[in-house]
Structure formats: C-alpha cells, structure tokens
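Student: I would like a close look at one part of this model. Please keep the answer connected.

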Amino acid sequence: MSTRKGIKIIKLDESKIQELLSNFASLYSCDDFSDIINQNLFYTLEGKFKQVYMFRKNNFLEELLLKLNDLDFFPYSIGTPILKEYNNSYFKPTLTFGSLVKDKCNNKITIDRNKAELITFKKSVIINNLFSFNNAIVLDDRKDFVAFAILKPIKLNKIGNATEVIPTLDIGWYLREGG
C-alpha cells in the first residue's frame, strides 16, 4: 500500500466483521467464527486498496497503532490479512485466511499431491466425484490449504460424472503475482 497519500486505519466493530465473515461462511458452509472474533481485533487499512487485518487482542498493540496513526506513521501491515476488497464492492478471502479457517468449513475437498501441484499453477483439474456445493476450499492429501476453488460438474465419456476444480485463489499466486 502506498503511504504517500496516507493510509486510513479503521477499527471494525464486531457487527461489521460478523457481516463480512458471514458472507464467506455462507459460500464455504463454515461453522461459527465467534472464537476468532472474540480473540482478535479487526482493522481495515485503506490506501490504494482496502484490506482487513486481524491480530490477537492486545491493548499495547492497539494503543501503539493509534499513536502511530496520530503521528501520520502508517504501517504497511498490522497483523494477518484475512480479506481484500475487490471492485470497491465485495471482499474476498486471502490465502492466509484459508489456512486459518480450513477446519471450520464444510465445503472442502481433498486432492492428491499431483493435482494439488497443478492447482498451484492455476490449472484446473478433473476429479471423479460430484459435490453438492459450488465453492470449495481445496486441501492436499496432507490436509494443507492449497486454494479456494469453484467446482463445476461435467460429464466425461470414459469417467461419467466428474467435477472440474477451477482455482480462484491458490498458493502459487505468491510466486506468479504476489511478490
């Protein structure tokens, strides 16, 4: 984020973070996030883009952040990035958030290492299962987070019913674009 124009640091109240997380929870059929909400503070940093960060509740860090802001010192990051705003209208999860919530969500699939490697290169893969959901968290066979994906049912002549797993955000993004 550029600091030339300054970065707005805005503390999110519990209702706002619940609203943002409920959208995510409905897409991936996630359980209650109350433990995450109760144990952390949430801020947005607004510069060239808007991103939601969380960090463990800590009075010292919160006071430090406010004092830095008062002095016009703007941190680039203030914890773990969990959501990023797209098109000034909606928030999408970050890769780190996927690792944090993979055990709280029900819409997830596990794929073997070879297919997980393809997903990290932003390649779609075909698996021989049908699923009752369209959005999924993709894990490898070691249960490590690999990607967020869209699941598209397809019909193949040799296999019959299958699903195309189309990555929307994967861990290979860091290598390709993220830096």
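Which element supplies the largest share of the lining of the second largest pocket?

Tutor: Helix H1 does, with five residues of the lining. First, the ground rules. This is a predicted model, with residues numbered from 1 along each chain as its sequence is written. Local features need pLDDT of at least 70, side-chain atom pairs count only at pLDDT 80 or more, totals for chains, interfaces and linings use all residues, and side-chain values use heavy atoms, with hydrogens and water left out.

Now the pocket. On a 1 Å grid over the protein atoms alone, a pocket is an open set of points where a 1.4 Å probe fits, with protein on both sides within 12 Å along at least five of seven lines; lining residues have an atom within 4 Å of a point. The second largest pocket has a volume of about 290 Å³, the volume being the space filled by probe spheres set on the points, which are joined across faces, edges and corners. Its lining counts 17 residues. Leu-27, Tyr-90, Phe-91, Lys-92 and Pro-93 lie nearest the centre. Helix H1 (14-28) and strands E5 (90-93), E9 and E10 (160-170) each give at least two residues to the lining. Helices (H or I, at least four residues) and strands (E, at least two) are DSSP runs, numbered from the N terminus.

Follow E9 from there. Strand E9 (residues 145-156) pairs with E8 in the antiparallel sense over five bridges; pairing takes at least two DSSP bridges between two strands. Phe-145 in E9 is the bridge partner of Leu-139. E8 and E9 make a hairpin with four residues between them. In that turn, Lys-143 has a positive phi of about 70°.

Further along E9 is Ala-149. Ala-149 is buried, at 1% relative accessible area. Buried means under 20%, exposed over 50%, and partly exposed in between (1.4 Å probe, protein chains only). The C-alpha atoms of Ala-149 and Ile-137 are 6.3 Å apart, although twelve residues separate them along the chain.

E8 also has a partner in E6. Strand E6 (residues 108-111) runs parallel to E8, joined by four bridges. Here Thr-110 has Leu-139 as its bridge partner in E8. Five of the six residues of E8 (residues 135-140) are buried, so the strand is largely enclosed by the rest of the structure.
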